[in-house]
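Here is a short note for a colleague opening this entry. Please read the points with the viewer open.

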Amino acid sequence: MKKRKTWAEPYKIKMVEPVFMTTKAQRKKYIKEAGYNTFLLRSKDVYIDLLTDSGTSAMSDRQWAGLMMGDEAYAGSRNFYELEEAVRHYYGYKYLVPTHQGRAAEHIISQLMIKKGDYVPGNMYFTTTRLHQELAGGTFVDVIVDEAHDSESTFPFKGNIDLKKLKALIKKKGADKIPYVSIATTVNMAGGQPISMANLKAVRKLTKKHGIPIIHDMTRVAENAFMIQQKEKGYKKKTVAQIVKEICDLTDGATMSAKKDALVNIGGFLALNDPEIFDKARNMVVVYEGLHTYGGMAGRDMQALAIGIGESVSCDHIRARVGQVQYLGEKLLEAGIPIVKPIGTHGIFLDAKAFLPHLSQDEFPAQTLAAELYLDSGIRAMERGVVSAGRNKKTGKHNYPKLELVRLTIPRRVYTQAHMDVIVDSVASVYAKRNKIKGLKMVYEPDYLRFFQARFEKL
Ligand code: F0G
């Protein structure tokens, strides 16, 4: 088959869902009522929803057909075995524990492997991942390369682990204090940045020497594999499916939020190679999620997921998925908008510090910018800055991340190129009036994952 040259969508649209535009006066009211937090808006009041790529994908006709094949038996559902087969075939992990979504798998693996006083190194934190590590008594240690914290650096593999940082941690704390290295493909908080295969191999070599396992957050593994295919020497001729398998083979187990890469609206799993940990996880899942052959998912959801996994690693799909994100990013760069470079895979990250340099981080520039974008055009984005970073557990002070970002996350197979153009226009119009934008103050702060429910007022 001749290789496709463009990223044009490898599908046509069979069913549509109308979206509606609001008036400026309505949006002013809605965002105020939402405490200037885009998580607290109603989706009916949103025009283009870029809050997240999580659970927002459009399923294929085959996946919808799969729903009709749901076997809703409490135990031993046929769909579980199909899912187990898909996980083994595409990812290569031996044992599967289904969960309702990613954080449930993070909870189980953290409770099983982390002891109080342990250190968990990782390639930048993710909100739920770090919280579960902390709740299990561990301390997360960021060992990502420095380039990842610099929005201007064009280093192609900003998801890489800095081996010097990892070695130093092992030396200082001892391998017995490190239950595992936590590796995400791609790194969400860094801007959807990939880890290279060469780096992953080096991490594998180092951890093997010290007997430290690698737990893989494989939420966006196909996107990472695509970037390896495009950018890493020696991978041009390999398929995305082959690269995905190679990544998984270098790790010992994985947590998956299937709501992203795997093209379903709900679902996740823990996948393992160690039979003893699997046994414990399978025992624990019945306490928190459901029986080990459904773990919080309906049979039909497991079927849609089994099909989605196969679609997610197809070269045509992933080229169009990442191609659309690259298209948006290039247009924003042409318009002179400060974004994280290089362009990542699941969204575009506006650099709010550069966008609103007159606001200090205590005035929540990214939170402010996300609210302004909604006000301008009804586009909903998400804060990924000081609010998401939460507070330091010991000092109680805000964590001040170097990256203060607004994420324009692109759902898979949902929006068109014309929507991308509308997004560019709106971001450019907010950029034109950036000097007049005032910051926010936080007036309500929840204890956990505060970004979801915190409320703000205009300064
Ligand atoms: N790991 C990564 C890298 C994620 O991006 C997410 C979720 C999770 C784990 C947790 O999975 O939501 O299924 O429990 N990210 C969503 C987002 C919420 O918008 O980026 P979950």
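1. Burial. A residue is called buried under 20% relative accessible area, exposed over 50%, and partly exposed in between, with a 1.4 Å probe and protein chains only. By that rule, buried residues make up 59% of the 459 residues in the protein.

2. Ground rules. This is a predicted model: local features need pLDDT of at least 70, side-chain atom pairs count only at pLDDT 80 or more, and totals for chains, interfaces and linings use all residues. Numbering starts from 1 along each chain as its sequence is written, and side-chain values use heavy atoms, without hydrogens or water.

3. Overall form. The C-alpha trace spans about 60 × 55 × 45 Å along its principal axes. The radius of gyration is taken over C-alpha atoms, and the globule rule is 2.2 Å times the number of residues to the power 0.38. For 459 residues a compact globule would come near 23 Å; the protein has 21 Å, which agrees.

4. Elements and contacts. The protein has 16 helices and 14 strands. Helices (H or I, at least four residues) and strands (E, at least two) are DSSP runs, numbered from the N terminus. A contact means heavy atoms within 4.5 Å. Among contacts between residues at least 6 apart in sequence, 72% join residues at least 24 apart.

5. Nonpolar cores. A core is a set of buried Ala, Val, Leu, Ile, Met, Phe, Trp, Tyr and Cys residues joined through side-chain atoms within 4.5 Å. The largest one has 57 residues, and Tyr91 and Phe269 have the most contacts inside it. Helix H8 (residues 221-231) gives the most to this core: six residues. Another core lies apart from it, with 33 residues, among them Leu328, Ala366, Tyr431 and Ile437.

6. Helix H9. Which residues of H9 (residues 240-249) are buried? They are Val240, Ile243, Val244, Glu246, Ile247 and Cys248. Their cover includes helix H3 (78-91), helix H7 (197-210), strand S6 (214-217), H8 and helix H12 (315-334).

7. Cis peptides. Thr186 sits in the loop between strand S5 (181-184) and H7. A cis bond also joins Lys341 and Pro342, with omega about -10 degrees. Pro342 is in the loop between H12 and strand S9 (347-351).

8. Met124 has phi near 75 degrees. It lies in the loop between strand S3 (119-122) and helix H5 (127-135). Met124 counts as buried because its relative accessibility is 9%. Arg413 has phi near 65 degrees, again a positive value in a residue other than glycine. Its place is the loop between strand S12 (405-409) and helix H16 (417-432). Is Arg413 buried or exposed? At 19% relative accessibility, Arg413 counts as buried.

9. Surface. Accessible areas come from the Shrake-Rupley method with a 1.4 Å probe; for residues, only the protein chains shown count as cover. The total is about 19600 Å², of which 54% belongs to carbon and sulfur atoms. Tyr11, Ile13 and Val16 make a nonpolar patch of about 330 Å². Patch residues have over 30% relative accessible area and no salt bridge; like charges are joined within 9 Å, nonpolar side chains (Val, Leu, Ile, Met, Phe, Trp, Tyr) within 5 Å. A salt bridge is a side-chain nitrogen of Lys or Arg within 4 Å of a carboxyl oxygen of Asp or Glu. Ile13 is in the segment before helix H1 (24-33). Ile13 is exposed, at 59% relative accessible area.
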